[in-house]
Every structure is written in C-alpha cells, then in structure tokens.
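Work through the exercises below with the sequence and the structure in view. Each task is followed by a solution in steps.

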Amino acid sequence: MNNKMNRREFIKRSALIGAGTAAASLLNACVPAATATQAPAATAAPAATAAKAVFDWKRFKGEKIEALLIKNTVGDLLVKYQKEFEDLTGITVGADTPAEQQQRQKLAVEFQSGQTSFDVVYYSFHVQKRLFGKNKWVADVREYLNDPTMVAPDWDWNDFSAAGKAWSTEAD
C-alpha cells in the first residue's frame with residue numbers, strides 16, 4: 001500500500017474512522033463493557049504529548065467533501081449537526097442520505113469501480129465490515145490517530161470499551 005496519500009483520500013479515511021468511532025460510542029451505551037473478543041490494541045498519543053502538538057480544527061478550512069450516509073437515526077444526527085461540524089472545521093459538507101439498502105448497493109458498485117462519488121461514508125459495520133476489509137476498502141488509520149496534529153488533544157482510543165473497539169476495527 002502506498003504510504004503517500006492525497007488530501008481527498010486522507011479526508012475520506014479520516015471520516016471513516018470518525019464515523020466508526022462515533023457509531024462505536026453509540027453502541028457502547030448498549031453493550032456490556034467486557035466481551036470475549038478483543039481487537040488488536042490501537043493507541044492514540046497520550047494527552048500530555050498531544051497537548052504540546054499544534055492541533056487545528058480549521059486545518060482543512062475551505063475544503064469540500066461529499067458524505068454518503070444512511071437514512072437512519074445516526075445519519076439523521078450527522079445531518080442535524082452538519083452545520084456545527086462545518087462551523088468548527090471550515091469544511092463544507094454535501095450529504096446524501098439514501099435508504100440503507102440503496103446505499104449498500106451504491107457502496108459496493110462505486111468502491112468496486114474505484115470511482116466514488118463521495119469522500120466520506122457511513123456504513124453498517126454489522127453488515128459490511130468483512131466485505132470492506134476483504135476488498136481493502138478500509139485502511140489502518142492508527143498512524144493518524146497517533147499524530148497529535150491530526151487528533152483533538154482530548155481524544156483517547158482507550159475511552160472506548162473493548163466491545164466498541166472490536167466492533168469498529170478489523171481483526172488484523
């Protein structure tokens with residue numbers, strides 16, 4: 001895999017992990033804290049180290065991204081708070097929220113073609129996680145999570161339960 005990444009690909013992958021961790025936190029409210037399955041540990045930079053780095057919410061100000069969401073509770077919340085995200089980051093978001101079955105088909109077709117009409121996607125991990133992993137449509141983003149210039153100083157991977165981590169990551 002090429003270690004150099006363009007801005008569009010970075011935003012796409014960052015949003016995938018952002019959507020995954022946001023969804024994982026919702027799941028954590030419904031799942032017991034301990035499970036038998038553990039995902040490999042991914043660690044973010046310690047808060048003390050991250051606080052020394054320069055993190056800027058407006059780093060990508062002026063950029064525009066297209067988001068492919070799902071018409072469901074999570075998709076509705078992401079759209080509801082879209083303006084707050086845009087004000088915080090300076091990134092303009094175009095959001096499409098088709099029904100889940102249509103969105104699943106669109107994802108498979110566009111990812112397989114290599115030409116997506118979206119930069120950011122929210123997908124159903126419980127249905128598509130293995131398909132996405134097998135086809136290499138997801139990326140290991142631990143490098144970005146460990147970069148204090150890319151992650152807010154108060155973000156900590158260890159704030160998520162073992163169940164949330166296992167649900168939002170691939171086995172490898």
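A salt bridge is a side-chain nitrogen of Lys or Arg within 4 Å of a carboxyl oxygen of Asp or Glu. The model used in these exercises is predicted.

**Exercise 1**

Decide whether the side chains of E110 and K106 meet in a salt bridge, and find where the two residues lie.

Solution. Step 1: the distance from N to O for E110 and K106 is 3.8 Å. The cut-off is 4 Å, so the pair counts as a salt bridge.
Step 2: both E110 and K106 belong to helix α5. They are four residues apart, about one turn of the helix.
Step 3: E110 has a relative accessible area of 14%. Buried means under 20%, so E110 is buried. K106, with 27%, is partly exposed.
Step 4: D96, K106 and E110 form one network, joined by salt bridges that share partners.

**Exercise 2**

Describe the salt bridge of K83 with D87 and that of K64 with E66, and state how many salt bridges the structure holds.

Solution. Step 1: side chains of opposite charge can pair when their charged atoms come close.
Step 2: for K83 and D87, the distance from N to O is 3.0 Å. Both residues lie in helix α4 (residues 82–89), four residues apart, about one turn of the helix.
Step 3: the relative accessible area of K83 is 54%, and K83 is exposed. D87, at 45%, is partly exposed.
Step 4: K64 and E66 also join their side chains in a salt bridge, with 3.0 Å from N to O. K64 is partly exposed at 45% relative accessibility, and E66 is partly exposed at 30%.
Step 5: the structure holds seven salt bridges.

**Exercise 3**

Work out how helices α5 and α6 are oriented, and which residues meet.

Solution. Step 1: two packed helices are described by the angle between their axes and the distance between the axes.
Step 2: for α5 (residues 100–113) and α6 (residues 125–134), the angle is about 5 degrees and the axes are 12 Å apart. Angles under 35 degrees count as roughly parallel, so α5 is roughly parallel to α6.
Step 3: on the α5 side the contact is made by E100, Q103, R104, L107 and F111, and on the α6 side by H126, V127, Q128 and F132.
Step 4: sorted by type, the residues of this contact are four nonpolar, three polar and two charged.

**Exercise 4**

Give the strand order of the sheet and state which strands stand at the edges.

Solution. Step 1: strands of a sheet pair through backbone hydrogen bonds, either parallel or antiparallel.
Step 2: here three strands form an open sheet in the order β2-β1-β3, and the pairing is parallel.
Step 3: β2 (92–96) and β3 (120–121) each have a single partner strand, so they stand at the edges, with one side of each left without a neighbour in the sheet.
Step 4: strand β1 (residues 64–68) is joined to β3 by two bridges. The bridge partner of A67 in β3 is V120.

**Exercise 5**

Locate V151, decide whether V151 is buried or exposed, and list its contacts beyond its neighbours within four places in sequence.

Solution. Step 1: V151 is in the loop between α7 (142–145) and α8 (162–168).
Step 2: its relative accessible area is 11%, and V151 is buried.
Step 3: leaving aside those neighbours, V151 is in contact with F55, Y144 and L145.
Step 4: V151 and V54 are 97 residues apart along the chain, with 9.8 Å between their C-alpha atoms.

Terms used. Residues numbered from 1 in each chain as written. Predicted model: local features only at pLDDT ≥ 70, side-chain atom pairs only at ≥ 80, totals over all residues. Heavy atoms only, no water. Axes fitted to C-alpha atoms, helices over the stretch in contact; angles between N-to-C directions. Parallel < 35°, antiparallel > 145°, perpendicular 65-115°, else oblique. Contact = heavy atoms within 4.5 Å. Nonpolar A, V, L, I, M, F, W, Y, C, P; charged D, E, K, R; others polar. Pairing = 2+ DSSP bridges. Buried < 20%, exposed > 50% of the residue type's maximum accessible area, 1.4 Å probe, protein only.
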